[in-house]
Amino acid sequence: MNTKSASVKLDNVTKNYGAVTAVINLTLAIKAGELVTLLGPSGCGKTTMLRMIAGLEEVTSGSIQFNDLDVTDQSATYRNVAMVFQSYALFPHMSVLDNVSYGLSVSGFEKKKIKAKALAGLAMVGLTGYESRMPSELSGGQQQRVAVARAVVLEPEVLLFDEPLSNLDAKLRRHVREEIRQIQQELGLTAVYVTHDQEEAMAVSDKIVVMQRGEIAQAGSPSDLYQSPESAFIADFIGDANVIPCTTVSTDKNTAVISVDGVLINSTAAKTISTPLNLVVHPQNIRVSNEESTTSLAGKIQHAAFLGSHIEYEVKTEVATLFVIDNQMQSRYQKDDSVFAHLPKNKTSLVPA
Amino acid sequence: MKNKSLLWLLFGATGACLLPWYALEDGFWAFTWIRSLSDPEYPSALVLILEQSHWWLMPPLVALVAGFIAIMLPMGRKGLSRMLIAVSLLGSFFVIVQGFAIGLNEPKIFLSLLEGSSAANGQPGLGVGAIMLIASFLYLLTIGIAGLKKGTADIFIIGLIGTIITLVGVFVFFPIAHVLITAFETADGGYGASRFFSRYFSGEVWGLNCLVGDGVCGPAINSVFLATMTGVGTTLLGLTFALIATRTRFRAKRLLRILTVLPIITPPFVIGLALILLFGRAGVVTEWSYALFDIEKSRWLYGFTGVYLSQLLSFTPIAFLVMIGVVEGVSPSMEEASQTMRATQWQTFTQVSLPLMRPGLANAFLLGFIESLADFGNPLVLGGDFSVLSTEIYFAIVGAVADTSRAAVLGMVLLTLTITAFLFQRWWLGKKSYATVTGKADSGQNSGLNSGLKWACYLVAIPWAVFTAIVYCMIVYGSFVKLWGYDNSFTLEHYISTFGVKTEGGLRFVGSAWDSYITTLQIASIAAPLTALLGLLTAYVLVRQRFAGKDLFEFSTMLSFAIPGTVVGISYILAFNVPPIELTGTGIILIIAFMFRNMPVGVRGGIAAMSQLDKSLDEASITLGANSFTTLRRVIAPLLGPAILAALIYSFVRAITSVSAVIFLVSAKHNMATSFIVGRVENGEFGIAIAYSTVLIITMLAAILLLQLIVGKRKLRKDTRVQNTENKTRLVQANI
């Protein structure tokens, strides 16, 4: 484990741009060696938060601490951070080796040491032999790996990623994100990672912080967020889940019986039962057939798309239009077919409407 | 922070205690002062206080000492910052007040306080020691301000902003304020508004007698009329050329491009000279038409017609460059859309393309308008009885009775006009334009011109281009002719008398022009890098930093463009002829004048280039632990190659060709090429003037090529390369 990795504490951080508030009273603790993702739709304040951790934006109020040391008033130059940018931000007039050496050389290391460290960094991202290339002679994936090496060789207290994969094509994205995760874990780096792609967030994170309009909507491990969302927003954003209006019929300690348009199903009890309620059902847990059952809702296929491995349906029912993923593909339905959508007996959760 | 403060305090203390406080007769670089620092002839502030009882220099030194005490005290960052700010504000306040209070020969204000003291004899202007002390206060102030801010504030950046604001304040606003004050001077030496307004609005300036009566119009009316005509003329000609260059398959497009470089390297009165060779009383055309058609020789060229013609020739290429950008900015897909809806080429042009170009046309008009108002060289050579503001200001200063007050009033009139046009232009460009650079790749072809319009363009443009070519040939040809119109034999006499060299007894430069030629090159080559540096640093601050008052800051750096050269000239002689800042007669005043007149070129070029560099490059460097200065040096500067080159070339060339401001500021010791040439023109020695101009043009071409070789060697990747042509366009656009 990298001994230099720091824990990060954000305490009531607020950022205003004139009358616009980008981040509101955000408090968050990140353990050393942890990779935390800030996830959210564009404009939710996640990049602003990242840039405040980097020291590229001033906080309006609140404080930022690395290892319990207040760094709020330090500028980026003096914070021990390194950042990987969406646009790679490789210096186009320097070779790959010069790019990776840059941070070391401005920090005043000896020349020999710089070169050894830079070469080790390049080896780590699998780019040995590319030292004298110019950035423009590399592919997008290679460029981003140089950017990662450039950041990692500084052994920063906190490593920051600003949507590092969004300029790469889909296949490469998966590959590079695995590499980033591997390097982060090997070196035990504290990392903060910004993305708007929930799949990417699930794949790399120890902890995901979902942001909405400048505030934390929910924070937790990927599986927590997926299985027990606390709001309709999280359910929709993380799992593309169906959010169906429902009412409680009865509750006991662990389970609740709820009614969706008269159809009764059991659900794990929500922590605080309030009304009105929404039932969260993931699309692959709904089954479509032409036979009725006790948990089925009658509906009509509005849209059907065959995607090879599965079929996606939109089923219009009395209460909601349901998004369904059918992995079995035993039978196929066409637009305007009358069908029944079967809600699962478990695997559902409740959120306040 | 403490270390940096200590460094600047020591710097200030060195200035105050060891170096001469007053400006030196023989200049700092003569180093005569170094022989003896305690020599009463070159006293430092400390010596002045102790030995000559200049007690008014005490307060700044006390402030400096307070600064030393402040950094010794155990204080928090905020507290120390506040102390530094207080110390530096007080210190610089005292330096400035004493500078203005005690003039060259006697005290000016606080008379009772200074009565009977050694101040009665006055004091010279501020020297090296004083400047070092002021600089030290300035940077202590910026360190203090940086200390009060949190997070991203950077001592280097705030120091940079402080430097630029101070320089622009001292060398742009302070002189203009002087003009304003002088304009309000009354006949008895006091100040009053009534006389100013009566002179400002007098019939002598704004008279309309040429329209209603049978007299002549005032110079303001003449200037506005000429500027409007020039604006319209150059815009139309520029549009014509731009249409040919972009919308036809005209073969000689490259030649058109060459045409655009010419005005940049042509001293402003040279076109006027060539026109005299063609149409003057002894001109070629005049002689022929007399011989062939018996048309009487006349002086029709001298007056409105001549000035108008020469301004059209001088400024059309600039309008052309602007209009190329405008015409190319019209998205081809709009024209294609129009044509698919069954519009003809003519309908497409008049109903789609032309309306889309309207803001660009207005911009080109305003550029021509301002350019014409500020023009000095052409009216000086060809104006005759047609008086315009820029030349009237000159004659008010150099005329039989030097009337600075009248010059100041006329300067205010001219300044009002140009600044109004400048504000109007900025307002116009600031409006949301519906033209059309989207950043999306826009394939497709601009529609061609219909044949009627095409031939109309050819018919206007080709003769005009030929005419321009003839004018330039005249310049070269005329320099080899003995006495134009009277003795047309070939001669090298003009070159020999100006640039003659004798080899006997060692190499001797005996030509009459060598002095001014060498001074010009020296001053231009000192001014060019300084101008480029100042302009690009300002651009960096504007593009990359956010701070309160940034809009005002940008506006004030661009404003010096709207100040015509003649106004700069008189403002400098008014402001820098007396202490506290005494610069007239030195080479420094020329360098400074060039720096601040040409700085906006560097600013615009730098802004254009820097906006194309992704901001994440800076941020990457900063998060990797580099400070702003290192980032600027190692990341930004290397990527700005072309912009640096353009700024260097432009400020070098402008320093050589400029005449309007220079003519007020030259001295016997520091004469410049252009003012030398104007002197020859006034004596009627056209041959010499033209020969010298030819040499200047060739010098500038050589310099451009040389700079391109030196700076252009660094090879940059394609994706970061700043579009060179676009850059040039912007530079020329900026050149008002």
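Buried area is the accessible area, taken with a 1.4 Å probe, that two parts lose on being put together, summed over both. In this predicted model, chain A and chain B bury about 2700 Å² between them. Carbon and sulfur atoms account for 57% of that area. The points below cover the interface, the salt bridges and the aromatic side chains.

**Interface of chain A and chain B**

- The contact involves 36 residues of chain A and 28 residues of chain B.
- Eight residue pairs are in polar contact across the interface, both members being at pLDDT 80 or more.
- On the chain A side, at least two residues each come from helix 1 (46-54), strand 6 (81-84), helix 2 (96-106) and helix 4 (140-152).
- Helix 2 of chain A gives the largest share of that side, with four residues.
- By residue class, the side of chain A that touches chain B has 19 nonpolar, 12 polar and five charged residues.

**Salt bridges**

- Over all chains the count is 15 salt bridges, and between chain A and chain B it is two.
- B:Glu619 and A:Arg51 meet through their side chains in a salt bridge, with an N to O distance of 2.6 Å.
- Within chain A, the side chains of A:Lys46 and A:Glu163 form a salt bridge at 3.9 Å, N to O.
- This pair links distant parts of the chain, its members being 117 residues apart. A:Lys46 belongs to helix 1 of chain A, while A:Glu163 is in the loop between strand 7 (158-162) and helix 5 (170-187).

**Aromatic side chains**

- There are 37 aromatic pairs over all chains.
- One aromatic cluster in chain B is formed by B:Phe100, B:Phe171, B:Phe174, B:Tyr572, B:Phe576 and B:Phe596.
- In chain A, the charged end of A:Arg332 sits over the ring of A:Phe306, at 4.6 Å from the ring centre.
- In chain B, B:Arg680 lies over the face of B:Phe676, with 4.7 Å to the ring centre.

Notes. Residues are numbered from 1 along each chain as its sequence is written. Chains are lettered from A and ligands numbered from 1 in the order in which they are written. This is a predicted model: local features need pLDDT of at least 70, side-chain atom pairs count only at pLDDT 80 or more; totals for chains, interfaces and linings use all residues. Side-chain values use heavy atoms; hydrogens and water are left out. Rings of Phe, Tyr and Trp (its six-membered ring) pair if their centres lie within 6.5 Å; planes under 30 degrees apart count as stacked, over 60 as edge-to-face and the rest as tilted. A charge sits over a ring if NZ of Lys or CZ of Arg is within 6 Å of the ring centre and within 35 degrees of the ring normal. Contact means heavy atoms within 4.5 Å. A salt bridge is a side-chain nitrogen of Lys or Arg within 4 Å of a carboxyl oxygen of Asp or Glu. A polar contact is a pair of N or O atoms within 3.5 Å; within protein, one must be able to donate a hydrogen and the other to accept it, and residues adjacent in sequence count only if both atoms are side-chain atoms. Ala, Val, Leu, Ile, Met, Phe, Trp, Tyr, Cys and Pro count as nonpolar, Asp, Glu, Lys and Arg as charged, and the others, Gly among them, as polar.
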